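Please keep the sequence and the model in view while reading.

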Amino acid sequence: MKKYIALLFSFLFITNIMYAQTTEEILQKYFEHTGLQKLDSVKTLEIEGSTKAVKMLVAFRLQYMKPNFYRMKERTNNDIVAYKIDNGIDNVIKLRDTTIPFPVFDNFIMKSIVDLLQGGIYNYKNNGINIEFKGIDTILGNKFYKLELTDKIGQKFIAMLDTTTYDIRYLSGNPLSGPMQFAPIFLDNYQKVDGISFPCKIDFADRTMDILIRIESIKLNPVLPKEIFTINYPENNNFD
C-alpha cells in the first residue's frame, strides 16, 4: 500500500512538473531537442521523395533557396515530367509542350513541404505567430504537449509535441499558409540530418482528399545556381 501511494505521488509530481512548464521553457526545449535553430545557417535545401494522392504516385526533387525560391521536378507514375517554379515573379508549371500558371493548390502543397520540414514554427516571431502552451492533451491514448498558435491574421492552430523528443506530431493546420488550409496534418518518421530533426512522413489527412508525402533524402546547403529557379534555365527543358 505504501509503495502504491509512493508511486501515485511520484506520478502526480511528474505530471505537475509537465503542466507547470511555461511557453518559453517548452519552446526552448523544442529547439534544443530538434536542433531547428541550426536552420539559421541553412540557405538552401534539396529534398527528394514522393507524393501519393488519388491513386497517383509522384516522385519529386524539391529545391529551395531562402527566402522564396522554389523549384520542383516531378515525375508521375505514367512518366510525365513537370517542373514547378516559383521565384516570386514567375509562378508556373512547365511541361514538355506548354507552360501553364501554377495552380494555387499545387503551389500550397509544394511550399508546405518546406514549411513542415521546418516545423511550421521555426522563425515564428518574424512570421508574426504567437505561441501559448496549453498543457498536456491526448491523441489516441498518447500524451502530447499542446501549443496554441495564432497567426498574424488571427487564425488559431494546435500543435502537439512529443513529450520525449519534442518533435511536432500533429498540426491542425499550417500556420504559414494563411487562409488556405488542408488539414489536419500528421508528422512522423523523424530523422536527424546534421543534428536537425526532420519529419520524413507528412500526412495531410483532409476529409476531401488524403495526401501522403514521404521524404527519402534531405540535403542541407547544396550548391544551387540562382538561375535554376527561372523558366528558361537549360535544365528545366529536360523532360527525359
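On a 1 Å grid over the protein atoms alone, a pocket is an open set of points where a 1.4 Å probe fits, with protein on both sides within 12 Å along at least five of seven lines, and its lining residues have an atom within 4 Å of a point. A volume is the space filled by probe spheres set on the points, which are joined across faces, edges and corners. The model is predicted, so that local features need pLDDT of at least 70 and side-chain atom pairs count only at pLDDT 80 or more, while totals for chains, interfaces and linings use all residues. Residues are numbered from 1 along each chain as its sequence is written, and side-chain values use heavy atoms, with hydrogens and water left out.

**Pockets**

The largest pocket holds about 610 Å³ of space. Its lining consists of 23 residues, and those nearest the centre are Tyr70, Asp115, Asn127, Leu176 and Ser177. Helix α3 (residues 104-117) supplies the largest share of this lining, six residues; helices (H or I, at least four residues) and strands (E, at least two) are DSSP runs, numbered from the N terminus. By class, the lining of the largest pocket has 10 nonpolar, eight polar and five charged residues, where Ala, Val, Leu, Ile, Met, Phe, Trp, Tyr, Cys and Pro count as nonpolar, Asp, Glu, Lys and Arg as charged, and the others, Gly among them, as polar.

The second largest pocket has a volume of about 480 Å³, and of the 23 residues that line this pocket, Met56, Val58, Glu74, Lys84 and Asp106 are closest to its centre. At least two lining residues come from each of β1 (44-53), β2 (56-65), β3 (69-76), β4 (81-86) and α3, with α3 giving the most, five residues. The lining of the second largest pocket divides into 18 nonpolar, two polar and three charged residues.

**Salt bridges**

Side chains of opposite charge can pair when their charged atoms come close. A salt bridge is counted here when a side-chain nitrogen of Lys or Arg lies within 4 Å of a carboxyl oxygen of Asp or Glu, and the whole structure contains 12 of them.

| Salt bridge | Closest N to O distance |
|---|---|
| Glu132 and Lys134 | 3.4 Å |
| Lys146 and Asp137 | 3.4 Å |

Beyond the pair of Lys146 and Asp137, salt bridges that share partners join Glu74, Lys84 and Asp106 into one network.

How open to solvent are the paired residues, on a scale where buried means under 20% relative accessible area, exposed over 50%, and partly exposed in between (1.4 Å probe, protein chains only)? Glu132 is partly exposed at 36%, and Lys134 is partly exposed at 39%. Lys146, at 23%, is partly exposed, and Asp137, at 29%, is also partly exposed.

**The chain as a whole**

The secondary structure of the protein chain comprises three helices and 13 strands, and its C-alpha trace spans about 75 × 35 × 35 Å along the principal axes. Of its 240 residues, 48% count as buried. Where contact means heavy atoms within 4.5 Å, 46% of the contacts between residues at least 6 apart in sequence join residues at least 24 apart.
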